[in-house]
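Subject: Structure for you to look at

Dear colleague,

Here is the structure I said I would pass on. My notes on what was found in it follow below.

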Amino acid sequence: MRRAEFFSLCAILPAAILSPWSITSASAQTGADTARRHRPLLLVPEAVWDGTSNAPRAGWVVLVKGSRIDTLGLAGDISPPADAQRIELPGTTLIPGLIEGHSHLFLHPYNEASWDDQVLREPIGQRMARAVESARTTLRAGITTERDLGTEGALDFDVQLKRAIDQHVVAGPRLITVTRAIVATGSYGPRRTDYSFDPGQGAEEASGAEEIARVVRRQIAYGADWIKVYADYRWGPQGEARPTFSQNELNVLVETARGSGRPVAAHATTPEGMRRAVLAGVETIEHGDEGTRDVFRLMRSRGVALCPTIAAAESYAQYFEGWVRASEPPPKSVVDKRASFRLALDEGVTICFGGDVGVFTHGDNVRELESMVAAGMKPLDALRSATSVNARIFHLNDRGRIARGLLADLVAVEGDPTGNISALRKVRLVLKGGQPVR
Ligand SMILES: [Zn+2]
């Protein structure tokens, strides 16, 4: 069992803990802890990448006051307050905290336990305990915001986890929740034909406009920030993916959610499922495996973003097809997945960073960014997806960039991630709301 570690609620870390970086006081005032709590921080990395620009800026520093970014610029142009605490981060690039677009904190990798077993056999207390641990691991990997797209049978425990994080009871990213997700009756899993009893479902079933509106409203009442719908699923006669809800049902779902100010994310892999979801007004399409040029053009024209989840597709190939990740060529499923992603890129679809993490290990979120780059996206664009672009897609105008007045959600990584995306794996410091994460 891992040693329990605790999140720093309000105390700035003692210098010894942040070693090997030296923290020195900009003034002679190194008073009591109470005095240090709200001291401004002057972050001195090798360079700063602000979430949008074409290259990191060498020699820049960032001043943090309280939970917000106060100012940034060349070291010589910034005059920090006398009591500012200076944090030296040599060899690092300071970037905005990463925003994961598609996670399942209540799932763990399917090579540890099958999805069915997780949904049906794991007691909910155990699932919550895992989710708490996964949230902490995620934050420490530099993910400071995460859209969690369904508890997969764990009711509205995502909302409870979010509250515990916001109340500083446990550590984790700022969460966007959907509670249970919505599926057409009979379309999802665990499959009833596989059991001698009626198995509980991994999402909430609904059919018909009236029931769909009621379920959307019920999920809102239980704390959903977004609504997640499955516009298609593998319920065809041969187990192939087929559309689930009718156009009218999807229209009602989106209209009901939107009326309350909540956007909709749609799981969709088939061209018809994607098309219906886009026409209904969803804001992100999850997966999009079989997306055609026409569907991607429609997405672009309607401003709908794609969360490609390439890392999940690669994980399935590892678990179920015996693919060894480092070995090329990959199986057809992965080749096809990369090709459809490139098609979306070609058509100028906005790309959301979202890996479907939970299918693979929490904290390994960067795997999706590496897969995006391996499939043909420029590291700089992948990094934009994970910061400023996801902030825009998720309507979060207080984060995703390093700019005056925004939340001080910041990550220092070794090297230059705009050139080498895997530099994101070498996290040296994470700040969430101006507080160092331990
Ligand atoms: Zn998912």
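The domain bounds used in this email come from an automatic or database domain assignment. The model is a predicted one. For this chain, the assignment gives domain 1 as 23-97 + 400-436 and domain 2 as 99-364. The C-alpha centres of domain 1 and domain 2 are 33 Å apart. Eight residues from domain 1 and seven residues from domain 2 make up the contact. On the domain 1 side, strand β19 (residues 427-432) contributes the most, with three residues. That side of domain 1 has four nonpolar, two polar and two charged residues.

Next, the core. The largest nonpolar core has 119 residues, and Leu43, Val62 and Leu253 are the ones that touch the most other members. Helix α12 (residues 379-393) gives the most to this core, with six residues. At least three residues of this core come from each of domain 1 (23-97 + 400-436) and domain 2 (99-364). Leaving out residues up to four places away in sequence, Leu43 touches Val61, Val62, Val64, Ile87, Leu89, Leu94 and Leu410.

Leu42 lies in strand β2 (residues 41-48). Leu42 has 23 other C-beta atoms within 10 Å and is therefore buried, since 20 or more is what burial takes.

Now the helices. The axes of α9 (residues 310-321) and α10 (residues 332-346) come within 9 Å and cross at roughly 175°. An angle over 145 degrees counts as roughly antiparallel, so α9 and α10 are roughly antiparallel to each other. On the α9 side, the residues in contact are Ile310, Ala313, Glu314, Tyr316, Ala317 and Glu321, and they meet Ser333, Val334, Lys337, Arg338 and Phe341 of α10. By class, the residues of this contact are six nonpolar, one polar and four charged.

Helix α11 (residues 366-374) is mostly covered, with seven of its nine residues buried. These are Val366, Arg367, Glu368, Leu369, Glu370, Ser371 and Met372. What covers the buried residues of α11 includes α9 and α12.

- The peptide bond from Gly189 to Pro190 is cis, with omega near -5°. Pro190 is placed in the loop between β10 (182-184) and β11 (204-206).
- Glu152 is not a glycine, yet has a positive phi of about 55°. Glu152 is found in the loop between β8 (143-148) and α4 (157-166). Glu152 counts as buried because 21 C-beta neighbours lie inside 10 Å.
- His168 is not a glycine either, and has a positive phi of about 60°. His168 is in the loop between α4 and β9 (174-176). With 12 other C-beta atoms within 10 Å, His168 is exposed, as 12 or fewer is the limit for that class.

Which of these two residues, Glu152 or His168, is buried and which is exposed? Glu152 is buried, whereas His168 is exposed.

Regards

Terms used: Residues are numbered from 1 along each chain as its sequence is written. This is a predicted model: local features need pLDDT of at least 70, side-chain atom pairs count only at pLDDT 80 or more; totals for chains, interfaces and linings use all residues. Axes are lines fitted to C-alpha atoms, for helices over the stretch in contact, and angles run from 0 to 180 degrees between N-to-C directions. Helices (H or I, at least four residues) and strands (E, at least two) are DSSP runs, numbered from the N terminus. Angles under 35 degrees count as roughly parallel, over 145 as roughly antiparallel, 65 to 115 as roughly perpendicular and the rest as oblique. Two residues are in contact if their C-beta atoms, placed from the backbone, lie within 7 Å. Ala, Val, Leu, Ile, Met, Phe, Trp, Tyr, Cys and Pro count as nonpolar, Asp, Glu, Lys and Arg as charged, and the others, Gly among them, as polar. A nonpolar core is a set of buried Ala, Val, Leu, Ile, Met, Phe, Trp, Tyr and Cys residues joined through C-beta atoms within 7 Å.
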